[in-house]
Amino acid sequence: MEKETSKTEIAQSITMLWAPLTDKQRELLVENISIRQLTRDEVLYSEGDTPTHLYYLQQGKITMHRIGVAGQRQIIRMVEPGAIFGYAAAIEGCDYRSTAVAGSNTEIVEIPINLMFHFIWENGNFAMLFLKELSSLLGLSVERTMNLTQKHIRGRLAEALLLMKEKYGVEEDGQTLAVYLSRENLAQISNMTTSNAIRTLSAFAKEGLIIIDGRKIKFVDTDELQVISDRG
């Protein structure tokens, strides 16, 4: 069983949630949070499930996807450590519209949805936090949709690679992407077919922009990738 002090330290580390709470609310948070460990490809929740918790990604990776009309999986969001997620459906009052899967060994902090709503009703600053988060997600979604529909294949893939670098960073060498994605995953993120993703990725490698080693991608010329992304 986890020690209370350990849960307190974890709760305090979630600064965005901890800061706006009163002392009494902080006590409730510590009493009710739980830690969940997930292994690679383990499902956290599925499309159609009823929301029960707000989640905070302590470490690891979470990928959200939906099944399209043709039965094809489409990645809609990749959650980075330090982000909260899983709450939007609860605020809307509906079931989950996506499935959340661990992309590696992952540690998640779970907070009951009922407690989240309790804090929202009691604490205006806490409620404002979620208004800002939802507004930010909406803005990013609109921008992402525009880019995926207006950019050419090279621009979309360059943007996807740079997005992965921004969210997950690089390994100790300072160049290798710290998340290993299949060609299918890259295609889904870039809104293209797998064959187009493979050809474009190979073209980037031949041009000396990246180095490919299986699922590992090493950035060689990030500036040129940014130019390709900006040009669309």
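**Exercise 1. Find which strands stand at the edges of the open sheet of four strands.**

Step 1. The open sheet has four strands in the order β1-β8-β3-β6, with antiparallel pairing. Strands (E, at least two residues) and helices (H or I, at least four) are DSSP runs, numbered from the N terminus. Two strands pair if DSSP finds at least two bridges between them.

Step 2. β1 (34-38) and β6 (84-85) each have a single partner strand, so they stand at the edges, and one side of each is left without a neighbour in the sheet.

Step 3. Check the β6 end. Two bridges join β3 (residues 53-59) to β6, and the two run antiparallel. Y55 stands opposite F85 in β6.

A note on the model. It is predicted: local features need pLDDT of at least 70, side-chain atom pairs count only at pLDDT 80 or more, and totals for chains, interfaces and linings use all residues. Residues are numbered from 1 along each chain as its sequence is written, and side-chain values use heavy atoms, with hydrogens and water left out.

**Exercise 2. Describe the second largest pocket by volume and lining.**

Step 1. On a 1 Å grid over the protein atoms alone, a pocket is an open set of points with protein on both sides within 12 Å along at least five of seven lines; a cavity is a set where a 1.4 Å probe fits but cannot get out; lining residues have an atom within 4 Å of a point.

Step 2. The second largest pocket has a volume of about 260 Å³. Of its 16 lining residues, R40, D41, T63, G103 and N185 are the closest to its centre. Volume here is the space filled by probe spheres set on the grid points, which are joined across faces, edges and corners.

Step 3. β4, β5 and β7 each supply at least two lining residues. The lining divides into six nonpolar, five polar and five charged residues. Ala, Val, Leu, Ile, Met, Phe, Trp, Tyr, Cys and Pro count as nonpolar, Asp, Glu, Lys and Arg as charged, and the others, Gly among them, as polar.

**Exercise 3. Characterise the largest cavity.**

Step 1. The count comes to one cavity of 30 Å³ or more. The largest has a volume of about 40 Å³.

Step 2. L17, L21, L29, L54, I111, L115, M116, F119 and F126 line the largest cavity. Helix α5 (residues 113-122) gives the most to this lining, with three residues.

Step 3. Sort them: nine nonpolar, no polar and no charged.

**Exercise 4. Contrast burial in helix α8 and helix α10.**

Step 1. In α8 (residues 183-190), seven of eight residues are buried (under 20% relative accessible area, with exposed over 50% and partly exposed in between; 1.4 Å probe, protein chains only). N185 is one of the buried residues. N191 follows α8, with a positive phi near 60°.

Step 2. In α10 (residues 222-231), L225, I228 and S229 are buried. Seen down the helix axis, they fall within an arc of 100°, so they line one face. The arc uses directions from the helix axis to the C-beta atoms.

Step 3. On the other side of α10, D223, D230 and R231 are exposed.
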